[in-house]
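I opened a notebook page for this chain. Below is what I looked up, entry by entry.

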Amino acid sequence: MLIPHDTRIALDTVVDLVNTAPQGDRDDELGDLQALQSFVHAHKISDVGELGAEDLRAVRDVRDRFTAVFSAPDARIAATLINQLVAAAGTTPQLTDHDGYDWHVHYFAPGASVADHLAADCGMALAFIVVAGEQERLRRCEAPDCGRAFVDLSRNRSRRYCDSRTCGNRLHVAAYRARRKEAAG
């Protein structure tokens with residue numbers, strides 16, 4: 001699946017945003033305004049002004065709505081959720097070539113809030129996945145103690161873990177040890 005650079009960045013951003021939500025024993029990684037500012041800085045989200053408490057509440061709401069997209073049982077439901085997000089953000093597609101990036105499309109209106117920025121750009125990235133008939137690539141890690149979101153961009157759609165070096169290896173090592181113990185036992 002060929003994904004343009006800007007769409008890939010937006011997909012990475014939405015996955016990281018969804019994964020900030022509290023889950024199991026993990027705390028909310030967007031617990032305060034400083035955490036939101038760090039998220040915006042780490043993801044190089046452009047055209048964001050001064051952030052306030054309302055921005056934090058709005059981004060958490062957008063995050064919850066993106067979380068629902070990753071949990072959607074089929075493309076029709078995912079499309080409905082994405083359409084609602086993108087429409088509420090008041091998308092205004094425009095071509096831009098800022099910060100050394102080649103031409104790409106921003107979907108947020110100039111001066112939009114950070115929540116609308118995320119809803120528009122990340123929502124459109126998810127829309128492209130659904131339009132391509134690839135909604136099943138929006139997944140959750142199969143490790144029993146994880147559940148983090150990821151986009152499976154493997155050729156054969158076989159990725160099962162958010163990170164094969166951590167969750168995948170941990171489960172494979174545990175299975176190997178269980179087989180060795182059973183064989184010895």
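Helices (H or I, at least four residues) and strands (E, at least two) are DSSP runs, numbered from the N terminus.

**Ground rules**

I am working with a predicted model, where local features need pLDDT of at least 70, side-chain atom pairs count only at pLDDT 80 or more, and totals for chains, interfaces and linings use all residues. Residues are numbered from 1 along each chain as its sequence is written, and side-chain values use heavy atoms, with hydrogens and water left out.

**Overview**

I counted six helices and four strands in the chain. From the N terminus on, I read the order as α-α-α-α-β-β-α-β-β-α. The C-alpha trace spans about 65 × 35 × 35 Å along its principal axes. I then looked up burial (buried means under 20% relative accessible area, exposed over 50%, partly exposed in between, with a 1.4 Å probe and protein chains only). Of the 185 residues, 41% count as buried. For contacts I took heavy atoms within 4.5 Å. Among contacts between residues at least 6 apart in sequence, 52% join residues at least 24 apart.

**α1 against α5**

Two packed helices are described by the angle between their axes and the distance between the axes. I looked up both for α1 (residues 5-18) and α5 (residues 114-131): the axes come within 9 Å and cross at roughly 110 degrees. For the wording I used these classes: under 35 degrees is roughly parallel, over 145 roughly antiparallel, 65 to 115 roughly perpendicular and the rest oblique. α1 and α5 are therefore roughly perpendicular to each other. On the α1 side I listed Thr7, Ala10, Leu11, Thr13, Val14 and Leu17. They meet Leu118, Asp121, Cys122, Ala125, Leu126, Phe128 and Ile129 in α5. I sorted this contact into 10 nonpolar, two polar and one charged residues. My classes were Ala, Val, Leu, Ile, Met, Phe, Trp, Tyr, Cys and Pro as nonpolar, Asp, Glu, Lys and Arg as charged, and the others, Gly among them, as polar.

**α1 against α3**

Next I took α1 with α3. Their axes are 9 Å apart and the packing angle is about 105 degrees. That makes α1 roughly perpendicular to α3. From α1, Val14, Val15, Leu17 and Val18 take part. Their partners in α3 are Val59, Val62, Arg63, Phe66, Thr67 and Phe70. By class I noted eight nonpolar, one polar and one charged residues in this contact.

**Cores**

I searched for nonpolar cores, meaning sets of buried Ala, Val, Leu, Ile, Met, Phe, Trp, Tyr and Cys residues joined through side-chain atoms within 4.5 Å. The largest has 43 residues, of which Leu17, Val59, Phe66, Phe70, Leu118 and Leu126 touch the most other members. α1, α2 (33-42), α3 (53-71), α4 (75-88), α5 and β4 (149-151) each supply at least two residues of this core. α5 gives the most, with 12 residues. Leaving aside neighbours within four places in sequence, Leu17 is in contact with Leu30, Phe39, Val59, Val62, Arg63, Phe66 and Leu118. I also found a second, separate core of seven residues, including Ala143, Cys146, Phe150 and Cys167.

**Cysteines**

How many disulfides does the structure hold? I found zero, taking a disulfide as a pair of cysteine sulfur atoms within 2.5 Å. For Cys146, the nearest cysteine sulfur is that of Cys162, 3.6 Å away. Cys146 counts as buried because its relative accessibility is 11%. The sulfur of Cys167 is 3.7 Å from the closest cysteine sulfur, in Cys146, too far for a bond. Cys167 is buried as well, with a relative accessible area of 4%.

**Loops**

I checked Asp27 in the loop between α1 and α2. Asp27 is exposed, at 62% relative accessible area. Setting aside neighbours within four places in sequence, Asp27 contacts Thr20, Ala21 and Pro22.

In the loop between α2 and α3 I stopped at Lys44 and Asp47. Phi of Lys44 is near 50 degrees, a positive value in a residue other than glycine. Phi of Asp47 is also positive, near 60 degrees. Lys44 counts as exposed at 65% relative accessibility, whereas Asp47 is partly exposed at 46%.

How values were computed
Axes are lines fitted to C-alpha atoms, for helices over the stretch in contact, and angles run from 0 to 180 degrees between N-to-C directions.
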